[in-house]
Amino acid sequence: MILVLTPNTPADSVEYLALIERLNQLPDIKHRIHREVGTEVTLTEIYLIGNTRMLVQETMAQLPCVEKIVRISEPYRILGRHQQGDDRATSFDYNGVRFGQESFHVFAGLCAVDSRESVEAMMKALQEHGQVCTRMGAYKPRTSPYAFQGHGQQCLPYIFELAGKYGIKVIAMEITHESHIDEIRAALKETGNATGVMLQVGTRNTQNFELLKSIGRQQEFPVLIKRGFGITLDESINAAEYLASEGNRKVVFCLRGMKTNMGDPHRNFVDFAHVPVLKRLTRMPVCIDPSHSVGTRAASADGILDIFHVVAQGIIAGANMVLVDFHPFPERALVDGPQALRLNELKYFLDDTALVRETYLKRTALAAAASAL
Ligand code: PEP
Ligand code: MN
């Protein structure tokens, strides 16, 4: 059971303290408090864990500060969608950008940062096309220990400085160790917080529970978590729930294809049919990563790249974000050059995604009209 408190309930008010006192007296029931400090409101939810079937919903709703009660019917306690009437938020704001199950953003950028020159060319092009989000890989998890591992901490100052220069508000950046959070925080501070970072959990770390817990313990940065490439959807959603259970519910879930040779000749088996499933089961915005799913620049007989086709498939099904590899000089890219789109394809890519998004919105209007019949 979740007690949703009246917005902006102060944690030192008499009513709040009385509520906690009452909860402490409930036999066999523990509670866990989640407080989310937003720009305008502070939301508090209290999760009751234990034998909650004994509790009478109407009585609990009468407790001080309680605005409403949500009965938990799903295993994903925080990020899941529960009974009808669970109208808890499906969006969050970060650095002036809204991420939700209604919004749509493209994160085009470098798989791996190789030079200041590449970062600048990428960000300049993004600004010219009205984009405020990007991806920039600094810490790269690689199959071979001898492969380029990313420039790490050393490249952060120029990435953040250039992001400020070109009006980039949110950079998706994978981290592979909790110490990277401090490195990112320190580098951002040095640039006067010129931009924002969405921490990315890579598919190889989806079940690195200790990393998830440390990312979840901070609420400063939102998180994009990739689906694990060899585990079930349920296991991956539970991984996202680790982040939220530690206190950070600003979580975006990203599909990136599954590792199986059934997907050949694509690098991974594209799983974007799960976009609507995730939106039904959870309150997370859903991202698709066509670059790591498809992994090649192969095109079909219609002249359209497979990457563009799968992006369209994800957006037409309601995807809220597209994380996609671009590179100004793909032949010089140190990681994943062959799958990168080129800067002269950026406008075409954005036009194509806008077209499909518009069609998706028309489909939702059609569905609403049909359900009113
Ligand atoms: C990435 O986005 O750069 C990446 C390594 O993706 P994944 O974790 O999905 O392989
Ligand atoms: Mn990559």
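**Figure 1. Side-chain contact between His327 and Asp114 in the predicted model.** The side chains of His327 and Asp114 form a polar contact of 2.7 Å; a polar contact is a pair of N or O atoms within 3.5 Å, where within protein one must be able to donate a hydrogen and the other to accept it, and residues adjacent in sequence count only if both atoms are side-chain atoms. This is a predicted model, in which local features need pLDDT of at least 70, side-chain atom pairs count only at pLDDT 80 or more, and totals for chains, interfaces and linings use all residues; side-chain values use heavy atoms, with hydrogens and water left out, residues are numbered from 1 along each chain as its sequence is written, and chains are lettered from A and ligands numbered from 1 in the order in which they are written. His327 lies in strand β14; strands (E, at least two residues) and helices (H or I, at least four) are DSSP runs numbered from the N terminus. With a relative accessible area of 3%, His327 is buried (buried means under 20%, exposed over 50%, partly exposed in between, with a 1.4 Å probe and protein chains only). Leaving aside residues up to four places away in sequence, His327 touches Leu110, Asp114, Ser118, Ala333, Ala340, Leu341, Arg342 and Leu343, where contact means heavy atoms within 4.5 Å.

**Figure 2. Side-chain contact between Glu36 and Arg249.** Glu36 belongs to strand β2 (residues 29-37). A polar contact of 2.7 Å links the Glu36 side chain to that of Arg249. Glu36 is buried, its relative accessible area being 19%. Besides Arg249, Glu36 touches Val41, Thr42, Leu43, Gln219 and Lys250, not counting residues up to four places away in sequence.

**Figure 3. Surroundings of ligand 1.** Around ligand 1 are Cys111, Arg135, Lys140, Glu174, Gln200, Gly202, Thr203, Arg204, Lys226, Arg256, Asp289 and His292, each with a heavy atom within 4 Å of the ligand. By class, this shell has seven charged, four polar and one nonpolar residues; Asp, Glu, Lys and Arg count as charged, Ala, Val, Leu, Ile, Met, Phe, Trp, Tyr, Cys and Pro as nonpolar, and the others, Gly among them, as polar. A polar side-chain atom of Arg135 is 2.7 Å from an oxygen atom of ligand 1, and one of Lys140 is 2.8 Å from an oxygen atom of the ligand. From Thr203, a backbone N or O atom lies 2.8 Å from a ligand oxygen atom. On its own, ligand 1 has 300 Å² of accessible area, of which the protein covers 97% (Shrake-Rupley method, 1.4 Å probe).

**Figure 4. Helix α11 and its cover.** The buried residues of α11 are Leu346, Phe349, Leu350, Thr353, Val356, Arg357 and Tyr360. Their cover includes β7 (105-109), α3 (116-128), α8 (275-281), α10 (306-316), β14 (321-327) and β15 (341-342).

Figure 5. Asp264 and Pro265 are joined by a cis peptide bond, with omega about 10°. Pro265 sits in the loop between β12 (251-255) and α8. Asn8, in the loop between β1 (2-5) and α1 (14-24), has a positive phi near 65° and is partly exposed at 43% relative accessible area. Asn193, in the loop between α5 (179-190) and β10 (196-201), has a positive phi near 50°; Asn193 is partly exposed at 49% relative accessibility.
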